[in-house]
Amino acid sequence: MKKHTKTIILVIVGAAILIGGIWGVNESRYPNVPAFDDHFTRKFLNKDKKAADGFYEFKSKTGQYTMWFPEEYQVLHKYREDYTRNGESYENWSAAYIKPYENDQQTYAINVKFSENDTKSELIYVESLFKEQLGSKKPKQLETSNTRIYYDSAYTYFRGTNQHIVHGSKGNPPNLYVAYVADKSSDKVIKLIYDSVGENTETNQMDRKKWFLKMLKNIHFNEGK
């Protein structure tokens, strides 16, 4: 009986070691960055396709678009509403990066909403988005070979429950960036919002703007879907 028990224990230990070894090999296949530490986030990312300056390719579960995803961030999925999708026509997700700072923390977040909007009403959608988020109606514009991009930014803060939006503040770099990216060959659009919360989250306006524009310029809508 003792011999039989000992054999069972050895089998269990051996199996555990084998499984642990396989798990370790599988984990070593992924880049050692926060985005791939989260099993939900890695489902969207191409581990073999690192983009420049700390981004990896993100592939939408709708199959309708790809974009660059910052390697420090993780897609939120604690609650059902954190990630929502309706077939191939709609997807809404948020991702965050939390960084300890002194006795507090700095929180950086992006929200991406993919949908289809009638191109004929594009300027109405754009005006509505920027008026709602930034209190402005005329965002900056640029184009890639495949997309039209509208974007703007501002410094925002709360006094009590009231949000204040300040454009062109010399002493406070923008901490809220908003964009509307439209496909030139279809009705597909992406609304992308980035914001940061915490003391000294934004220290270099030019670096943040370049980072934001890199994401926008590298949104690619898939053709024929």
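Predicted model: local features only at pLDDT ≥ 70, side-chain atom pairs only at ≥ 80, totals over all residues.
## Basis of the description

Local features require pLDDT of at least 70 and side-chain atom pairs pLDDT 80 or more, while totals for chains, interfaces and linings use all residues. Residues are numbered from 1 along each chain as its sequence is written, and side-chain values use heavy atoms, with hydrogens and water left out.

## Overall fold

The protein contains five helices and 13 strands; these are DSSP runs numbered from the N terminus, with helices being H or I of at least four residues and strands E of at least two. Of its 225 residues, 40% are buried. Buried denotes under 20% relative accessible area, exposed over 50%, and partly exposed the range in between (1.4 Å probe, protein chains only).

## Nonpolar cores

A nonpolar core is a set of buried Ala, Val, Leu, Ile, Met, Phe, Trp, Tyr and Cys residues joined through side-chain atoms within 4.5 Å. The largest one has 39 residues, and W93 and F212 have the most contacts inside it. Helix α5 (residues 205–217) gives the most to this core, with five residues.

A second, separate core of 12 residues includes L129, A154, A182 and V189.

## Helix α4

Helix α4 (residues 122–134) has 13 residues, which at 1.5 Å a residue should span 18 Å; its end C-alpha atoms are 18 Å apart, in agreement. The expected span is 1.5 Å times one less than the number of residues. The buried residues of α4 are E122, V126, L129, F130 and L134. Viewed down the axis, they fall within an arc of 90° and so line one face of the helix; the arc is that of the directions from the helix axis to the C-beta atoms.

On the other side of α4, I124, K131 and E132 are exposed. Just after the helix, G135 takes a positive phi of about 65°.

## Aromatic pairs

Rings of Phe, Tyr and Trp (its six-membered ring) pair if their centres lie within 6.5 Å; planes under 30 degrees apart count as stacked, over 60 as edge-to-face and the rest as tilted. The count comes to 22 aromatic pairs. F36 and Y56 form an edge-to-face pair, 5.0 Å centre to centre with 80° between the planes. F36 lies in helix α2 (residues 34–37) and Y56 in strand β2 (residues 55–59), so the pair ties together parts that are 20 residues apart in sequence.

Y73 and Y97 form a tilted pair, 5.8 Å centre to centre with 45° between the planes. Y73 is buried, with a relative accessible area of 2%, whereas Y97 is partly exposed at 25%.
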